[in-house]
Amino acid sequence: MTQYFIRRLLLIVPTFIGITILVFVITRFVPGGPIERMIAEAQQASMQSGGMTQSSGNGIGAATLDQDQIKQLEEYYGFDKPVLVSYWDWLVKVVHFDLGVSTRYSDPVWDTIKERLPISAFYGILTMLITYFISIPLGYMKAVRHNSHFDHVSSIVVFIGYAIPSYVVGIILLVVFASNLEWFPMGGFYGDEFEDMDSKLEQVADVFYHAALPLLAYVAGSFAVMTFMMKNSLMDNLAADYVRTAIAKGIPFKKAITRHAMRNSLIPIATHFGNNISVIIGGSFLIEKIFNIDGLGLLGYESIVERDYPIVLGVLVISAILQLFGNILSDICVAAVDPRVQFR
Amino acid sequence: MSLFQLNPLTVKKINRFKSIRRGYYSFIIFVILVLLSCFAEVLVNSRALLVSYEGSLYFPTYGAIIPGKTLGLDYEYETNYRDLQKILKEKGNGFVVMPPIPFDPYENDLRDGEFPPFAPSFEEGHYLGTDTIARDVAARLVYGFRTAIFFSLILLVVSYLIGVSIGAAMGYFGGLFDLLFQRIIEIWSNIPFLYVIMIISSIMIPNFFTLIAIVLLFGWIQMTWYMRTVTYKEKAREYVMAARALGASNARVIFNHILPNTVSIIITFIPFSVASGIIALTSLDYLGFGLPAPTPSWGELLSQGSNNLESIWIVSSVIVAMTIILVMVTFIGEAIREAFDPKKHTTYE
């Protein structure tokens, strides 16, 4: 078992290198990288200022950024070296927690990510808690009252949550509750008056006021699968011989569930734990964009649009690491709750 | 081939599927919708279905452009059939039969003195209104559905072909081949794939088939992994041992014995793959990393709609369409799973 986890931990290294080298190479061989961007921006600037003062429209670009400056820029971004050499340089820096400098903001990438990470984590952790909080009792009730009126009605909600992707739910919520009814704000992590608020309590309330719709969208995306899983596994266990034996021996039905069936039914839920981490990272691009939340997802999305490759790679590094550890964590959870599981 | 002969067991499964009403009806409606979308040009088009002009009949839907001169108008470019309809009605020397939605998904139906998006109106023929550059929403919905469904179906076929062949080989032969692919899959499945797809397609601006290839890069894993497990289990069963004892070759065991026994499980996956293909394309289009600009797509409509919430008809029509299709596909999936892999539970009173 220990051997298995050590191997898994060691496998993080080649996986990480594989992912990053793939993206690194891609970002290198593309037109429209940071240098071309800078040249274009300089051109625009000279067009605007130059057009006002003098009428010499020709020779733009060269006039603002000469060959030496371009060379300097290339050196600065490491574009003057072969791909693998600059990849190695980059990797050495990453190991030292230096992710480079954003080409758009000129801030260190790591600082930018550190700023955004808590916001995504806030949503991620809350989503996970709420999902467990809804799914486990709901799945339990649906299993116990299988085929009842309650089961059928709740199935509709679960079913819609299952069929429709979470970001579409987010858009629906935005249309209904923010745009039409105006009950909730259109987006953002907190309101404009956040800095001026008197008490911490008011600030917390404001954050949750803004978080209500995105959280609902996140939860809608994850609670359905979890509820189904809880219900099915509990029903499998209820049908198992050991529960029948327990009931036959005279244990009250309730106790048979809580003491026997429930424990084993939670195993698949534990397996799902690590998947959640990746779902939250993956899903956040869409939901953070819809609700304009300044989290890791929106940062990654914007950096791709703006071709800010240091940030693109930075976000990739962070989300890859989170996902890698998430998967291992999920395996550890499974091994912890189910002694029968043998990893080899 | 035994794969396509309906044995009594399969007939039983199909009958069980038919008995699950909502799944069966969803299936019928869905198939009809897909078939209709193949002939979308007849239903949604700016070209007329039939023009009768001075005694001769024209069928402009498929085929070459008919210049305005031919139909008595004073220009050489393609006839505007909606105008022609009005003109011929006044003159009375012919008639035009337009499709139910008389707009092309690419054309801008601009008006003087007004700015799009235009609200839905029956008089103008824009039943679901227009988008921000005056293209008909209904037309774009229909063609967007066609793009999404064929994207998803092609993705499904190719990823299943890859998944089934690699997975079956992994499970059946085992050994070094299995180990190698296990490691590859372990690494591959840890990539935050949506993000990497976004990066790749931001760089190469994909078309329909390259986008399928990009999504396929990450889409083959699930089926491969599943197929590996199933084949591994089937291989250990007695009928395989019996076949091998009789001297059947590897190919024969795989194609004649193992594969037919896994088909029913593969089928239960299909509806869910269709749904996830549609969702993948729509998400990518929504983010702007899907098919390039003028292509009609649901994701593009969604993003337009959510950026113009005051023009509620854009976002609501695409959400309604998407919900209906996805719910139907999930109904089908649920029914197929129920029919092919029924679970009977003991319940307590």
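The model is predicted: local features require pLDDT of at least 70 and side-chain atom pairs count only at pLDDT 80 or more, whereas totals for chains, interfaces and linings use all residues. Residues are numbered from 1 along each chain as its sequence is written, with chains lettered from A and ligands numbered from 1 in the order in which they are written.

Chain B contains twelve helices and three strands, defined as DSSP runs numbered from the N terminus (helices, H or I, at least four residues; strands, E, at least two). Its C-alpha atoms occupy a box of roughly 85 × 55 × 45 Å along the principal axes. Of the 349 residues in chain B, 40% are buried. A residue is buried if 20 or more other C-beta atoms lie within 10 Å of its own, exposed if 12 or fewer, and partly exposed in between, with C-beta atoms placed from the backbone.

The contact between the chains takes 43 residues from chain A and 33 from chain B, two residues being in contact if their C-beta atoms, placed from the backbone, lie within 7 Å. On the chain B side, helix 12 gives the most, with nine residues. This side divides into 22 nonpolar, ten polar and one charged residue; Ala, Val, Leu, Ile, Met, Phe, Trp, Tyr, Cys and Pro count as nonpolar, Asp, Glu, Lys and Arg as charged, and the others, Gly among them, as polar.

B:Leu291 lies in the loop between helix 10 and helix 11 of chain B and counts as buried because it has 24 C-beta neighbours inside 10 Å. Its C-alpha atom is separated by 9.8 Å from that of B:Thr147, 144 residues apart along the chain.

In chain A, helix 8 bends by about 45 degrees at A:Ala212, and A:Pro214 follows within four residues. The bend is the angle between axes fitted to the seven residues ending at a residue and the seven starting there.
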